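Hi,

Here is the structure I promised to pass on to you. Have a look at it first, and then read on for what I found when I went through it.

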Amino acid sequence: MKNITCIPIVLLVIFLAGCSAEPIGGEDADWKLNVDIRNMQGLSAATTRVVYSGLNGEHSEFETGDCFGLFVFGAEDNDLLARNMKVYCSGLDNSGNTVWSIYKEGASAENSSNYPLSEILSRGTRYFAYYPYNPANDALLTIPTLQTIVSSFYTALPSDQSGGYTPYDLLVASNISGCEYGEVLLSGKTVSLTFAHVTGMLRFLIPTGSQKYDYLFGGADFTPYLMNTDSGLDEYRYLFKPGCILDFCLKYVHDGKLYRVETGNAKNIWPVRTEAGHCYMPDENHQKVPHSIGVDMGTSVMWASFNLGAEDEPTATAGNISSFLGYWFMWGVNKVTDAVGNPAFTNYNNSFTGGTKPKDLPAGYDYSGDPLYDAARAIWGGEWRTPTLAEWQELYSACTCTVTNNTSIRFTSKTTGNSIDLFYAGYNNGSGASQPNRGYYWSSTSHATNILKANSTFFNESSNTPSINSSADRYTGLPIRPVYTK
């Protein structure tokens, strides 16, 4: 697949017969048009999806034989200068620049009698260019009817795209109010059109040979397109109308086991509103909780507004999630375990084969961001991690604290005014919560000298002055409030 390039195009100025524009004359023959195709955001040029197929097969730049439609408007809405001009890529000139012309039947790269583009572009102030060209759009005469190119395309998107998504794609470059896509720039005697996708994309990877169990997007069943297979993974992609909440759940069976990948947005806990031209990749490498949930507390990191695992509570909602414990985690254990406490920590360490066991990590060690030990990074993914001791201390200094209903402490930033609530949960050494009227949360930093201990927070219902607890046993179960670096 070729990389996307920006191609300068020299426009000749002659009268265009049959175009809705009036002839203007030839005094501005040096007008130029730049054309670019923007990658789907989130995918590199090497991995972008195929947008269309031209004479030379699948590619991601315009080539000889490709045509796009072009509408040109003046300053007034009823000032339609050019209606659905079929702009034809007719090859390269002697300088190696791509030549674009108004298409006529039988046109080819060798046919020098193709209609050239007139300087109609120089008269326009608003442009709507789209790919692929459709002659049915000749009937669109006003801006509201022109906008139906996109709305009708959204309506036609099928839930079953297993046969390929190329027929369901649309590229647009427009600076028309209410229908802005891509980019249109006017600079001197140059018009630059940057085409962009009007759809969003869902992309995920599952092991090759897996069987579909349940694929749901926005609560509706869908069938994606198998893009390719590489390194034992099948890559699936699915196009959808942007502007909806990314509510995705995928269940598949592999080697007799049922697996699940999901965003969890059904509870509206961390809604991600999708955008045109964006690729969303909720696979096993994608962060479970997106950065949009982060709260700016005026510190060097963004703080999550709820505990790790609270999103899995059946009754959690956006309004009450900060009052849920989430899961108990032992220090340096990167996953949810059936039990916490000394015996559970011993069993985990005895079966640990990834490197240095959590119990043997040296005094003063900090695992923040290491997925081998950091549950926040391993479970939520992305850049989420367990806060360090220094980051907890930074939060203390940056905020005022208020005890709320004797069940939590509220940190309010002195600079941003934002707040987060940390629920009192106590600690768990294997027999349930102890001291439930106190707040202990793990830091990722072990005790400075005692290899058996690690640092945590400490606050309670009778004091609004939080402190650090440096005597927590590593086997103790405590909640985690994740952060990520700004």
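Buried residues account for 49% of the 486 residues in this protein, which is a predicted model. The secondary structure comprises six helices and 33 strands. Of the contacts between residues at least 6 apart in sequence, 63% join residues at least 24 apart.

Asn137 sits in the loop between β9 (126-131) and α2 (143-146), and its side chain makes a polar contact with the side chain of Tyr130 at 3.0 Å. With a relative accessible area of 10%, Asn137 falls under the 20% cut-off and is therefore counted as buried. Leaving aside residues up to four places away in sequence, Asn137 touches Phe71, Asn84, Tyr130 and Ile149. Asn84 is 53 residues from Asn137 in sequence, yet their C-alpha atoms are 6.5 Å apart in space.

Next, the charged pairs: the structure holds ten salt bridges. One of them joins Arg126 to Asp77, with the closest N and O atoms 2.7 Å apart. Arg126 belongs to strand β9 and Asp77 to the loop between β5 (67-73) and β6 (80-92), so this pair ties together parts that are 49 residues apart in sequence. Arg126 is buried, at 15% relative accessible area.

Asp473 and Lys453 meet through their side chains in another salt bridge, 2.6 Å from N to O. This pair links distant parts of the chain, 20 residues apart: Asp473 is in strand β32 (residues 463-473) and Lys453 in strand β31 (residues 453-460). Asp473 is buried too, with a relative accessible area of 17%.

What about Arg377 and Glu383, whose side chains meet in a salt bridge: is Glu383 buried or partly exposed? The N to O distance in that pair is 3.7 Å. Arg377 is buried at 18% relative accessible area, whereas Glu383 is partly exposed at 46%. Finally, Arg203, Glu235 and Arg237 are linked in a network of salt bridges.

Key:
Residues are numbered from 1 along each chain as its sequence is written. This is a predicted model: local features need pLDDT of at least 70, side-chain atom pairs count only at pLDDT 80 or more; totals for chains, interfaces and linings use all residues. Side-chain values use heavy atoms; hydrogens and water are left out. Helices (H or I, at least four residues) and strands (E, at least two) are DSSP runs, numbered from the N terminus. Buried means under 20% relative accessible area, exposed over 50%, partly exposed in between (1.4 Å probe, protein chains only). Contact means heavy atoms within 4.5 Å. A polar contact is a pair of N or O atoms within 3.5 Å; within protein, one must be able to donate a hydrogen and the other to accept it, and residues adjacent in sequence count only if both atoms are side-chain atoms. A salt bridge is a side-chain nitrogen of Lys or Arg within 4 Å of a carboxyl oxygen of Asp or Glu.
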